[in-house]
Amino acid sequence: MIEFEGVGHHYGDRTVLSDVDLTLAERRVAFVGANGSGKSTLARMVNGLVLPAEGRVRVLGLDPAKQGNAVRRRVGFVFTNPDSQIVMPTAGEDVAFSLRRSGLSTRERARRAEEVLAEYGLGGYAEHPAHQLSGGQKQLLALCAMLVLKPDVLVCDEPTTLLDLRNKRRFVELLGRLDQQVLLVTHDLDLLGGFDRVVVLDEGRVVADDEPEPALAYYRKLAG
Amino acid sequence: MNPLGLYQPGTSVLHRLPAGWKFLGLLALATAVFVLRTPAPLGALCVAVALGYVLARIPARRCGQLARALLVLVVFVFLLQWWLLGLTGAVVMCLRLVAALAAANLFTLTTRVSDVVSAVERGLRPLRRVGVRPERVGLLVGLTVQAVAVLSGIAGEVREAAKARGASRSVTAFAVPLLVRTLRHADELGEALAARGE
Amino acid sequence: MRRVSAPRASLPTADLARIVVFAAFIAVLGIFPGFYVGGSGVPIVLQNMGPLLAGAILGARRGTASVVLLLALTAIGLPLLSGGRGGLAPFAGPSGGFLLGWILSALVAGLIVQRAERPGLPTLLLATTAGLLVDYAIGIPFLGAYTGDLGAAAVQSLVFVPGDAGKVVAAAVVAALVHRALPGTATGPAVRSE
């Protein structure tokens, strides 16, 4: 459960969010909107990467402003550019990196990393240099690095923007199969068919909030 | 870049010796190099180091590469020193150079980066009380290797873009966009590390 | 860009990331083969611009840290110096002092740039020049100790002066452009309060 109450935010003089009230309990939620509409900022508030200037955010009953680390342990975040998220030289090491605070032995961490990689289609790539993977594989790796921690919520900020059509579809399909609550920020409207709820943002405000079909119809009209 | 660094895999005594001891040995040798002032003992030291390469079974091809690099330097230094300090001075200087550089390279060739990392982490452990976090050393190594890979890719793109704009000789057309993207990458990496609980 | 001009939250990892990524940046300057500037026909390796840029762009504290990180990783065996050099040998060689001097280069350049509210070209030029001079101040005596003759070391080092002078100017120009492209990213109050 994620709650926004009267949330507002600005960078310098520019207002990016104003007066956002949302309670998100659905399993598949998408944020759509033009560039600069505030959807990315909203997504970052869910794991405390951005703290709201006004209003209040509650994530799984926790306050990201005060319990940032506790929130981040339970909320995974996948960024647009996997190059920025992959921090270790090989795929296996990168996934194992997520577990470094788990108290598990090095061997156990490596084993779990391999298990997760295999589960999401990167079996046999544990020793592979991470930066030599294809774009689609890198994004899968970034996802694995989050899922190995078994988070309750997964926030994805335009994860498919850099992928080709086939990989876009595969990635979103994969998100659909997860047990976690998924919050997806995206411009790929065609991929949202299976979603429970679509929130449309425009200039920092929620302008539509509905099932995919009516919400996306509204957004398309808005975009002209 | 090769994430193994300059390490040359092997199973010799020198490979198996703990990194800390090897480093102490290297320090001792470096001290000797600076204390000795006559050609004969310095020459003996060079021979000893060369035997180290044999002992470590460093492939001839690799030795050749190192020898070539060293030779260029030695010839340059020798000629200059001969002119400035005379023959004996030049010989002493060059023997010192060969012994010190070859020994340092031998250390690097026979020691895994990860072994040095654990040695450094162990060495820093007593400093934990003053706020040092030794376990961050490994993280820094991994992060930097990864960042080099990412930035190399960006640098390649930036250079192509500069060429496309007819500015392939301009340092600014290369460095400015590379830096802007470097800093942007740093910001994203900072966020990603925070998101991953660092 | 929004992310760069306006830090979203005060993340302690932001500093760590800048230090790491800038260390990698200096390494990448060395990986790229030399530039042919003007009609000289001699390739110019850009790597020693790195520490000057680190200080001039990240400020004294983070700039120095990134240079220390680069040198430490080089020392433990990663081939991060130009021409794929690495390990302890570059430090043990006659020009090892110039490498160690990079630390002071970044520090001094950073300290000078931080004094200015909005670093312009004159300040940056002063910073990079001072940065290079402190590098010489460490490198030349080191070379002198190696060869046993300080005067000779100074004469030898004259070879590098024209190229380095060009790099000092280039580094200042580049830093000025980066400061203009990303106001607030670099040194100055905007970042210190980050």
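Hi everyone, a word on the ground rules. This is a predicted model, where local features need pLDDT of at least 70, side-chain atom pairs count only at pLDDT 80 or more, and totals for chains, interfaces and linings use all residues. Residues are numbered from 1 along each chain as its sequence is written, chains are lettered from A and ligands numbered from 1 in the order in which they are written, and side-chain values use heavy atoms, with hydrogens and water left out.

Let's start with chain A. Here, six strands make an open sheet with mixed pairing, in the order β5-β6-β7-β3-β8-β9. Strands are DSSP runs of E with at least two residues, helices are runs of H or I with at least four, and both are numbered from the N terminus; two strands pair if DSSP finds at least two bridges between them. At the edges stand β5 (75-78) and β9 (205-210) of chain A, each with a single partner strand, so one side of each has no neighbour in the sheet. Inside the sheet, β3 and β7 of chain A run parallel and are joined by four bridges. On that pair, A:R28 sits opposite A:V182.

Next, the cores. A nonpolar core is a set of buried Ala, Val, Leu, Ile, Met, Phe, Trp, Tyr and Cys residues joined through side-chain atoms within 4.5 Å, and buried means under 20% relative accessible area, exposed over 50%, partly exposed in between (1.4 Å probe, protein chains only). How many residues does the largest nonpolar core have? It has 113, and C:F22, C:F25, C:L53 and C:I57 have the most contacts inside it. Domain 1 (13-126) and domain 2 (135-195) of chain B both contribute residues, so this core lies between them; the domain bounds come from an automatic or database domain assignment.

Finally, salt bridges: a side-chain nitrogen of Lys or Arg within 4 Å of a carboxyl oxygen of Asp or Glu. Another joins A:D63 to A:K66, with the closest N and O atoms 3.5 Å apart. Is A:D63 buried or exposed? A:D63 is buried, because its relative accessible area is 13%, whereas A:K66 is exposed at 72%.
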